[in-house]
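Here's a quick briefing on the model you have open. Take a look at the structure first, then work through the notes below.

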Amino acid sequence: MKKVLSMVLVAAMTMSLLAGCASNDTASASTDSSTTQAQADSVDTSDTSADSTDGAAASGETFKIGGIGPITGGAAVYGIAVMNAAQIAVDEINAAGGINGYQVEYNFQDDELDNEKSVNAYNNLKDWGMQILMGSVTSGCCVAVAAESAKDNMFQITPSGSSVDCITNPNVFQVCFTDPNQGIAAADYIKDNNVASKVAVIYDSSDVYSSGIYAKFAEEASAKGLEIVSAEAFTADNKTDFSVQLQKAQENGADLVFLPIYYTEASLILSQADKMGFDTKFFGCDGLDGILGVENFDASLAEGVMLLTPFAADATDDATVAFVTEYNKRFGENPNQFAADAYDAIYTIKAVLEAGNVTPSMSVSDICESAKSGMTSVSIDGLTGLAMTWSADGAVNKAPKAMEIKGGEYKLIQ
Amino acid sequence: MNRFKNNKKFRDNIITYLLVIVIFAVVESLKATGHISSLMKGLLVPVCIYIICAIALNLCVGILGELSLGHAGFMCVGAFSGAFFSKCTAEVITVAPVRFILAIIIGALVASLFGFLIGIPVLRLKGDYLAIVTLAFGEIIKNVINVLYVGKDSEGFHFSLKDMVSLHLKEGGQVIINGAQGITGTPNDSSFEAGFVLIILTLFIVLNLIDSRDGRAIMSIRDNTIASESVGINVTRYKLMAFTISAGIAGVAGVLYAHNLNSLMAQPKNFGYNMSITILLFVVLGGIGNIRGSIISAAVLTLLPELLRGLADYRMLIYAIVLIILMIFNWSPAILELRKKYSVRNFIKNKKTKEVE
């Protein structure tokens, strides 16, 4: 009898726990559950206009933009940059009267660099009433979330998810270059400007970004007749000692080392190459942006390093200066390229919503349809490029800028 | 009915089954009436995955008494073999449930094969060697998959450990495992219902194994190896059996995982050392050797960090504190004493004795 009773109690407790979870959660998501439900319904069926207006009326006529990225763990630097920069953009927009006269609400959720957690964050934002998604920050998470957002037909723009798989669905657009484009652009630049003829590559095989760029770079290089004399990989578990990779490059007589990696590892490579007395040119992609800010790194070693990047924090145009000053004031550091991408992403959302005359009372799916057609017609002058346009497949058209580090500053190569 | 009254074990098992079925029914009805948030809906499959994993590890840690720190590795093996199969046959087998069932069987077989191979040398040893070897296994598997490139074209399969370019695929070829980018575009076959069926199946296998002659042999090895050897039990054989089954079940969880998300990558976050520890955490907090406890703790601890999202930055901090409190509540001798004194069971008993008086 006792057993039976305890069984019933356990079952009841667990049930109440699970049931409680559901109701608590919707309540804490700051919209009442009926709103969420109405919106969810309108996504599913997208025929009940009464439902969708109902939902918007209850949410107070604001645009709800959600963001997803890692703000804890190893890749937190990128997620935090995106979160902060988007916050600046949203605040500016709100201060200037919002989008189409409606204020913008912004909510950023952590995904811990885990695909599964990223989808959880997405679902959480949906409960909050998100209408447009700016995220995810990293490629892998972005692919997982894009599959979900396609089901809901929610407009999604990723600031920095650069893999091609991110934009296979028609509702997803990118602000950054795709990895293949960067690889091709880098190979073209090196060949066309006669920077070098024998190239060594050091890349991170465990990183989607790095291996994605390398794969296309290798393809384009062989097509263009650029000789790759050594291609050495490292992995996330093994990224402190690069002497083997550098030695290979030196032995094979490389006159340029291509580094499609992030700046933390690149700074180590530069100092180790210096110790070995390996004097050569280094060439990188947008991941190298930020190398001058690495702690305990002798910035003079980076002299002469070339990189293709859409953004440099010390550019002197008004928009960049204003953004960098504001970011510095609020967060006490220089923004990196991820921050600039996120800032542009928010302004892109603003532009397409204004182009389509979208109001918050429209259903998520209608906003998406309008924004999708708007994306192919807008042209944005952002921090990461002038006159950015998008094709229907979601990739951005903007010119990469080739920078060279001279006198401790990023200088545009003319 | 007599069996229900007289056999404590049987009663316990029925309670475990009922618990799972009742929760399933409640969640299903909540889903049908729309009283469940999107977040919860998205969490249902992961909860099933981790419950299955926790049961698998409990079989290894609680019943067999061997510590394994590589169950995320077995999950990884199952996930990639299952997803590989599904991706290859997505066009051939168009009936999703059939394909999914085949994928599960393949995932389970491959994972148990790896478990078997690792077990052959290691389970002959005494001591904590299994923990060390499985720990290494998990890391090795993750790294191997990160450099593995597999493609398919009209000529068959191409393998490479270098990069995508050296696969030399023909026109129209398809890269299936793309190194660090893993497998993208696995069909989305997992569902809460499938997860539920798999949990029941897992429970059925594990609980029946425990109650069988083999199960008693396994537990006797845990309790005293020398004594069980002396009565003629083939220690290595039974150890291998339990460990292989445990690995296979973890593989099933992996297949479920692979078919839940669109992109499958072997990252430290999902298949690394930390994941193995998390699964061990479910088992330890739920009670080592207590299958029902594993189910409850896996469910609660998977849901907890997501439900704390409202607390923003303090989320992971609070999660850690909750874990410490749970640990103390479960194992501290002083608390155990208190729990004995003020338990519901005691309360009822006292009442009864008073009534009698």
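Domain bounds here come from an automatic or database domain assignment. On that basis, chain A splits into domain 1 (41–177 + 322–397) and domain 2 (180–309), while chain B splits into domain 1 (1–36) and domain 2 (45–280). Keep in mind that this is a predicted model: local features need pLDDT of at least 70, side-chain atom pairs count only at pLDDT 80 or more, and totals for chains, interfaces and linings use all residues. Residues are numbered from 1 along each chain as its sequence is written, and chains are lettered from A and ligands numbered from 1 in the order in which they are written.

**Domains of chain A**
- Going by C-alpha atoms, the centres of domain 1 and domain 2 of chain A sit 32 Å apart.
- Where they meet, 9 residues of domain 1 of chain A are in contact with 11 residues of domain 2 of chain A (contact: C-beta atoms, placed from the backbone, lie within 7 Å).
- On the domain 1 side of that meeting in chain A, you'll find 2 nonpolar, 7 polar and no charged residues (Ala, Val, Leu, Ile, Met, Phe, Trp, Tyr, Cys and Pro count as nonpolar, Asp, Glu, Lys and Arg as charged, and the others, Gly among them, as polar).

**Domains of chain B**
- In chain B, the centres of domain 1 and domain 2 are 27 Å apart, again over C-alpha atoms.
- Here 6 residues of domain 1 of chain B touch 6 residues of domain 2 of chain B.
- The domain 1 side in chain B divides into 3 nonpolar, 2 polar and 1 charged.

**Chain B as a whole**
- Chain B has 16 helices and 5 strands (DSSP runs numbered from the N terminus: H or I of at least four residues for helices, E of at least two for strands).
- Its radius of gyration is 22 Å, close to the 21 Å that the globule rule gives for 357 residues, so chain B is as compact as a globular protein of that length (taken over C-alpha atoms; the rule is 2.2 Å times the number of residues to the power 0.38).
- Buried residues account for 46% of the 357 in chain B (buried: 20 or more other C-beta atoms lie within 10 Å of the residue's own, with C-beta atoms placed from the backbone).
- Of the chain B contacts between residues at least 6 apart in sequence, 74% link residues at least 24 apart.

Notes:
Two residues are in contact if their C-beta atoms, placed from the backbone, lie within 7 Å. A residue is buried if 20 or more other C-beta atoms lie within 10 Å of its own, exposed if 12 or fewer, and partly exposed in between; C-beta atoms are placed from the backbone.
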